[in-house]
Amino acid sequence: MSDPKEFVAGIESDQRRSPTRVVFVTRRTSAQVKATYEEQVQTYPEVLFRAVLAIELLAIALVVFSLLFNAPLEGIADPSHTPNPAKAPWYFLGLQELLHYFPPVVAGVLVPTLLIVSLVIIPYFNINIEADGLFLHHRRKRLQTFYLTAVGMLVFLVFFRVYVAVAPTLIVAIAMVIAANSSPDSPVTFRRYLVAKPLAWWVMTWFLFELIVLTAVGTFFRGPGWSWVLPWRS
Amino acid sequence: MPGKTDKLIEQVEHSRVWRSIFRSGTGTSTLHRALAIQQNVFLHLFSNKVRKRMLSVSSTWYLGTLTFGTFLILIVTGVLLMLYYHPSVPQAYADMKDLQFVVSSGLFLRNLHRWSAQAMVFLVFAHMFKVFYRGAYRAPREFNWVIGVMLLLITLLLSYTGYLLPWDQLAYWAITVGSNISSAVPLVGSKIHFLLLGGNQVNANALLRFYVLHCVILPLTALLFVAVHFWRIRKDGGLYVQQSEPKKLAAPDDAVLAKEAK
């Protein structure tokens, strides 16, 4: 009797569905090819119709909004008269908030550059591709690193009095502690959800929280001299 | 008389001129519909077919489509606004006042441009986070993610350069605050600051530079990147579907089963 082949080959072809795929499954792996029957629709007209419809609905919403609310227009630019506070556009107010705590070379140059670089490298980082729960492997080592990073970050923020950024950091850190102490088979859906999250997810979620909080604080809670004000008491 | 109109449309669609422009013809067959995409220079950026699952609102929230929608609105309103705008001091501000009080629907035009711009910035961010949480940046789509990050930057620059154009207090000081940050770059900070503003402070030169960037350079760059962004969706295997098992596997066709039984 001859040795069994090192692999089995399969082929599936159906013009109306996914393109032909040839699969080679080596003996020692138990690969499962899922979603063979993926239903497809034609871009013209079905997808294009939906896209146009979505854009039209958006256009209607924007037109209605533009009829109701006027774009701001203040007095003519006057270099001799500085408004207090002088604010950047809202999407930069998170950075301007950081500018309040750190020198411009940190908040204005280093942080944005690091942000862009980290966004660009996300897909090239191996740890994101694995996409397995952060604490499911090397649990001890990773927990140590996590605690060190979290405490270090909190001490850093408090040291520079960036209290605004503490709350999002705390929330994410607590969620990570919950994730570390949950099992993938936990009966609680929320725990199962957290435990499956990879490192990239945690970093991005932390970034999202900080972005929202810093931008909101810069937009609504900062008054003359960048002092803390409550928007409903102006 | 619907019968007559239908006949007229049919005649036009079968005319030599129409067929010379739209080569695919007007049939409803799969082939005709595929050709309608493939033989159109703009539509051929997209794939012929899309996985049905990706059409549901929850899978993408249509954020990329909507971002492109705001971009289109901004091009149309922006070009119309250019007809009434002079990038000079103090005429720029006077043009704002004209748009507000003299030009028919001028105020509405500026409102729509302004709010669409804000919506675009918001949608670009939302699109980025949605793509991230779907895991749609993973191989082979890494480079399309990078192009997306470039488009995010271009969007922010577009919005930022547009912010100065009304030449009011809000514009002037927002740009002053923002451009001062560029001075903080080590070694070449003051040079970058000078290059950006065409001077040491925000003045008429800065307005002209921002105008050129806002109306010519950045939109054209954005358009180029958007085209590549769309095209790469097709090249990288269509809209990304999460690797998890689909909710419901369609049963194999009878024909397939019959073939296997043989």
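Modeller: Before we start, helices (H or I, at least four residues) and strands (E, at least two) here are DSSP runs, numbered from the N terminus. This is a predicted model: local features need pLDDT of at least 70, side-chain atom pairs count only at pLDDT 80 or more, and totals for chains, interfaces and linings use all residues. Residues are numbered from 1 along each chain as its sequence is written, while chains are lettered from A and ligands numbered from 1 in the order in which they are written.

Colleague: OK. Where does A:Lys197 sit?

Modeller: A:Lys197 is in the loop between α7 (189-195) and α8 (199-220) of chain A.

Colleague: Why does A:Lys197 count as partly exposed?

Modeller: Because A:Lys197 has 19 C-beta neighbours inside 10 Å. Buried means 20 or more other C-beta atoms within 10 Å, exposed means 12 or fewer, and partly exposed is in between; the C-beta atoms are placed from the backbone.

Colleague: Which residues does A:Lys197 touch, leaving out those up to four places away in sequence?

Modeller: A:Gly133, A:Leu134, A:Ala179 and A:Trp202. Contact means C-beta atoms, placed from the backbone, within 7 Å.

Colleague: Switching to chain B. How many helices and strands?

Modeller: Chain B has 12 helices and 1 strand. The order is α-α-α-β-α-α-α-α-α-α-α-α-α. Its C-alpha atoms fill a box of roughly 80 × 55 × 30 Å along the principal axes.

Colleague: And how much of chain B is buried?

Modeller: 33% of its 262 residues. Among contacts in chain B with a separation of 6 or more, 66% join residues 24 or more positions apart.

Colleague: How many residues of chain B are in contact with chain A?

Modeller: 71 residues of chain B, against 57 residues of chain A. Elements of chain B giving two or more residues to that side include α3 (30-38), β1 (49-51) and α5 (63-82). α7(B) gives the most, with 12 residues.

Colleague: What does β1(B) pair with?

Modeller: Strand β3 (residues 40-42) of chain A, in the antiparallel sense over 3 bridges. Pairing takes at least two bridges found by DSSP. A:Val41 stands opposite B:Val50 in β1(B).

Colleague: What are the model's ipTM and pTM?

Modeller: ipTM is 0.87 and pTM is 0.86. Mean pLDDT (the predictor's confidence in each residue, from 0 to 100) is 85 for chain A, where 81% of the residues score at least 70. Chain B averages 89, with 91% scoring at least 70.

Colleague: Backbone next. Which peptide bonds are cis?

Modeller: The bond from A:Tyr44 to A:Pro45 is cis, with omega near 5 degrees. So is the bond from A:Asn84 to A:Pro85, with omega near 0 degrees. A:Pro45 is in helix α1 of chain A. A:Pro85 lies in the loop between α1 and α2 (93-99) of chain A.

Colleague: What is phi of B:Leu187?

Modeller: Positive, about 65 degrees, although B:Leu187 is not a glycine. Most residues other than glycine have a negative phi. B:Leu187 is in the loop between α9 and α10 (189-197) of chain B. B:Leu187 is exposed, because 7 other C-beta atoms lie within 10 Å.

Conventions:
Contact = placed C-beta atoms within 7 Å.
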